[in-house]
Each structure stands twice: as structure tokens, then as C-alpha cells.
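Open the model in your viewer and keep the selection panel at hand.

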Amino acid sequence: MSIVFYEAPMSSATPVSWALAELEVPHERVRFDLAAGDQRKPEFLKINPNGKVPTLVVDGTPLFEALAIMIWLGDRYGVERGMWPKGDAAERLQALSWSTWGYVSFGSAVQRLAYATSERVEPELRSEGQAKLARQDTDALLTVLDGRLADARWILRQAFSLTDLIVASVVWYGTMVGIALDPYPNVKAWLERCCDRPQFKRSTAG
Ligand SMILES: N[C@@H](CCC(=O)N[C@@H](CS)C(=O)NCC(=O)O)C(=O)O
């Protein structure tokens, strides 16, 4: 199988880079300079018309959106590596639920917080009110995750899995936009365990 991975350092492609490393997936890498506009070149827009990384090309077929890529990697490589549950197993339903929870429910609240507070956003577009609402949502969601991790080291209980990687990637991003994990000791300890993995360290080293 031929896999080409279009990526950029410290971007939405970083979790995919981490997943490829954990799953030991052979692939070719194309590193983009986003500031230089590599992602807007016509030849890349034919592959991903959104002009975004991460993007994979699998045997000539484009696959974009980080969550879709990681679920596919789970099905294709994670099952045989023991990092993604297969078929109709109860654990697979949990894996899909928590992975989507991470990218869609928690991820959208984190993104709203980033837009409301980031110094990269023009001051007149920032909003204390929107930041407050986003924080209410991230607080509620982190309370749920903290409960899930109260009696287990990993989200699917037995061992580190792609589900931890997917959710941890978004929680880690959340810490970078100002979410403090002290009120959620189980989440804090779990994120430290995830980020302690050599594959994470290599993927975030630049
Ligand atoms: N929802 C997309 C987000 C992808 C995304 O926003 N990628 C950014 C890098 S963090 C990008 O490629 N930006 C380039 C641009 O917008 O020109 C995913 O999860 O894959």
C-alpha cells in the first residue's frame, strides 16, 4: 500500500504524525511550509480542495480531516497492532464515541475558546462573553472525561490505544490555548502519561 502524508510541523497534522509513529505505518512524507502557502498550490488543491493538512493519499486516493484519517488508520493498521478495536466489539463503539467526542464536542469548544481569546485574533473580534461560554463547555466536558478516567489509566481501560491518542491530541491543544487541567487530576495524569510516549515527543519535536 502506498501512503503519502502531507503535513506541517506543530499543526493539525501533528496527531496524525503521532498515530503513524505509534502504528509504525510505512509512508512517504511531504512537509509543507504553510506560511509560504504550499497548501494553496493548484496541484495540492486537486488532492484536497480545502488546502489543509493533514492529508493522506492512499494508493492514489485522497483522505483528509484528521479524525477521518485516524479512524481509517485504526481500522487498517490499529486492529492488527492491538490499538483499535475491531468490527462490532463493544470497545469499538466506545472508541468511535470518545474519538468523536474529542474532535467534535471538545474540539469545537476549544476552538471557540481559542477564537475568543487568542492574540492571533484581531482584538475587536475577541470576546470575553464567548470565552466564558466556551470555558463552561470545556469545564463540563473535562468533568465527564475525568469521570471516565477515575478508575482506569486509559480511555478504553486496559491499555493505551489510538482512542487515547486522538482525545489526548485535542486536550493537549486545549492546554496550549489556556485550559488548566488542575481541577481534573485524572485527566492531567492521563495526559502526562500520553505525552510521555517517545512517539509523541518525536512528533512534536518539529
Ligand atoms: N478540521 C481539519 C483542520 C485542518 C487545518 O485547519 N489545518 C491547518 C493547519 S493546523 C491548515 O492546513 N491550514 C492552512 C490554511 O488554512 O491555509 C482537520 O482536522 O484536519
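Start at the interface of domain 1 and domain 2, where 2 salt bridges cross (side-chain nitrogen of Lys or Arg within 4 Å of a carboxyl oxygen of Asp or Glu). This is a predicted model: local features need pLDDT of at least 70, side-chain atom pairs count only at pLDDT 80 or more, and totals for chains, interfaces and linings use all residues. Numbering runs from 1 along each chain as its sequence is written, and side-chain values use heavy atoms, without hydrogens or water.

Select R197 and E22. They form a salt bridge, with the closest N and O atoms 2.7 Å apart.

Now colour domain 1 (3-78) and domain 2 (90-203); the bounds come from an automatic or database domain assignment. About 1500 Å² is buried between the domains, 75% of it on carbon and sulfur atoms (accessible area, 1.4 Å probe, lost on being put together, summed over both parts). Show W18, E22 and L67: they supply 47% of the area that domain 1 buries against domain 2.

Next, select helix α7, residues 185-195 (helices are DSSP runs of H or I, at least four residues, numbered from the N terminus). Which of its residues are buried? V187, W190, L191, C194 and C195 (under 20% relative accessible area, exposed being over 50%, 1.4 Å probe, protein chains only). Look down the axis: these residues fall within an arc of 130°, so they line one face of α7 (directions from the helix axis to the C-beta atoms). Turn to the face away from the buried side for exposed P185 and E192.

Note on methods:
Helices (H or I, at least four residues) and strands (E, at least two) are DSSP runs, numbered from the N terminus. Buried area is the accessible area (1.4 Å probe) that two parts lose on being put together, summed over both.
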